[in-house]
Amino acid sequence: WGYVPSSQCAAYRYDTFKEQEYPASFCRTLEIILKERGMFPKDLADLLNVHRRTLYRILQDDEYQTTKQMVIGMAVVLKLSPQEAFALLEKSGHTLRMTSAQDAAYFSIISTCGQYSLEEINDVLEDKGILMIGARQK
């Protein structure tokens with residue numbers, strides 16, 4: 001994947017994002033993003049291939065620790081702009097270290113602004129021996 005300038009993202013809404021102040025918690029931020037996109041938690045669960053109870057647990061428990069891969073999967077299926085994706089990642093307590101090949105790949109994924117499907121991304125990650133994003137594959 002190559003870096004895609006945010007101005008080229010179909011879902012890019014910098015002005016809206018700049019003015020939007022998300023709450024401190026990851027679960028409340030995710031709720032707002034879902035509402036902005038007119039989605040229900042069950043829709044996101046289906047897109048991520050996770051059980052609905054898992055997603056409801058994430059949304060209802062501020063202490064629930066979701067994986068970095070799950071958060072990036074959410075950013076992909078929700079087609080978040082890079083700024084939104086990095087904000088969501090930060091709210092979840094995760095960061096990306098460019099000294100890690102895995103994190104560098106995840107950075108590239110976030111920078112593509114949802115141009116690829118979760119399946120396409122996971123096929124490439126699997127070929128490279130990098131942990132897949134979203135739900136753990138069966």
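Leucine 48, L48, counts as buried, at 1% relative accessibility; buried means under 20% relative accessible area, exposed over 50%, and partly exposed in between, with a 1.4 Å probe and protein chains only. This is a predicted model, in which local features need pLDDT of at least 70 and side-chain atom pairs count only at pLDDT 80 or more, while totals for chains, interfaces and linings use all residues. Residues are numbered from 1 along each chain as its sequence is written, and side-chain values use heavy atoms, with hydrogens and water left out.

L48 belongs to helix α3, residues 41–48; helices (H or I, at least four residues) are DSSP runs, numbered from the N terminus. Buried in α3 are P41, L44, A45 and L48. Down the axis of α3, these buried residues fall within an arc of 100°, so they line one face of the helix; the arc is that of the directions from the helix axis to the C-beta atoms. Their cover includes α2 (26–36), α4 (52–60), α5 (68–77) and α8 (118–128), where contact means heavy atoms within 4.5 Å. L48 also lies 8.0 Å from L118, C-alpha to C-alpha, although 70 residues separate the two in sequence. After α3 comes N49, with a positive phi near 60°.

I turn now to the aromatic rings. How many aromatic pairs does a search of the whole structure find? The search finds 1. The ring centres of F86 and F107 are 5.5 Å apart and their planes stand at 35°, so the pair is tilted. Rings of Phe, Tyr and Trp (its six-membered ring) pair if their centres lie within 6.5 Å; planes under 30 degrees apart count as stacked, over 60 as edge-to-face and the rest as tilted. The pair links distant parts of the chain, 21 residues apart: F86 in α6 (residues 82–91) and F107 in α7 (residues 101–111). F86 is partly exposed at 29% relative accessible area, and F107 is partly exposed at 30%.

How values were computed. Helices (H or I, at least four residues) and strands (E, at least two) are DSSP runs, numbered from the N terminus.
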